[in-house]
Amino acid sequence: HRTKKDSRPARVVMTSILYDHVMSPLYDRLVVIWPASVHPNFITSLGGLCCAVSIVAMARGRWGLACACYTAYHMFDNMDGKHARRTQQTSRFGKVLDHAIDGTVGITAACQICCECLFDYPDALRFSLCCGMAAMLICHAAEHVSGIATLGTRFFSADELFILCSLALAWRAAAAVPLLRLGDEAKFFVQFGWVLSLVGLALLTVRELKWLVLLGAFGLFCALCPWPVPVVIYVPCLGAVLVSNALRYSNTTCDKVAHQS
């Protein structure tokens, strides 16, 4: 509980059209299942645990279990913040914990799903992880620069990715094949599209030369350095920008939304 007014700048969240009109009202109804005595960080941690279990389940080919656990993860990820604001338990640590889980096990699971369930490119996991790490850095760099927590665009955001990943897992569990089997000849174009999307997201949301140069340098490390050097660079960089954003912007106005593309 806050004992004095937070003088830090307000943090604004940019969400998608689908989230505003469908998902947010749905989670407003679902979040009441959590008693006020439950701390929001417990919900966040439980979601992270579910996500970690989904990664293990995918590695063992248990796609149905992976689908259930991953879906639980992103449901909890949507409810922890709403529960924190509903019970007046927002905190800087909670914000950092939430995004740290998304930026570690969250992107690991999403990248694995994209490679093995959405597309049939299991050998592209390293490339996918580099794209996922870059996307997280771009989103949080954009928040550092503008104060707007950028989770994607008004048309496609993290929430749409969550749904797509759950659908791909469900398809893999039911049909035993990836959802999109485009063949090896399309692999280059798929990867090029991912890179182009990341470059576009950075140019549209970060808009500060210093940060764009740093993000470009990370991209070069991903392209040129052996694994796991990109991960070793990514982890402290993500941690630093998460802590910086938590100290710089207030959590108390997270329900304000910036309707920008």
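**View 1. Ten aromatic pairs turn up in this structure**. Heads-up before zooming in: this is a predicted model, where local features need pLDDT of at least 70, side-chain atom pairs count only at pLDDT 80 or more, and totals for chains, interfaces and linings use all residues. Residues are numbered from 1 along each chain as its sequence is written, and side-chain values use heavy atoms, with hydrogens and water left out. Rings of Phe, Tyr and Trp (its six-membered ring) pair if their centres lie within 6.5 Å; planes under 30 degrees apart count as stacked, over 60 as edge-to-face and the rest as tilted.

View 2. Helices here are DSSP runs (H or I, at least four residues), numbered from the N terminus, while strands are E runs of at least two. Both Y73 and F162 are buried; buried means under 20% relative accessible area, exposed over 50%, and partly exposed in between (1.4 Å probe, protein chains only).

**View 3. F127 and W194 are a stacked pair**. With centres 5.8 Å apart and planes at 15°, the rings count as stacked. F127 comes from helix α5 (residues 125-146) and W194 from helix α7 (residues 187-205), so the pair links parts 67 residues apart in sequence. F127 is partly exposed at 25% relative accessibility, and W194 is partly exposed as well, at 24%. Together with F119 and Y121, F127 and W194 form one aromatic cluster.

View 4. At 0% relative accessibility, A109 counts as buried. Leaving aside residues up to four places away in sequence, A109 touches C51, S54, I55, M58 and Y70 (contact means heavy atoms within 4.5 Å). A66 is 43 residues from A109 in sequence, but the C-alpha to C-alpha distance is 9.4 Å.

**View 5. L18, V22, I163 and L167 make a nonpolar surface patch**. The patch covers about 320 Å², and α1 (17-30) and α6 (158-175) are the elements giving it two or more residues. Patch residues have over 30% relative accessible area and no salt bridge, with nonpolar side chains (Val, Leu, Ile, Met, Phe, Trp, Tyr) joined within 5 Å and like charges within 9 Å. A salt bridge is a side-chain nitrogen of Lys or Arg within 4 Å of a carboxyl oxygen of Asp or Glu. L167, in helix α6, counts as exposed at 52% relative accessibility.

Note on methods: Accessible areas come from the Shrake-Rupley method with a 1.4 Å probe; for residues, only the protein chains shown count as cover.
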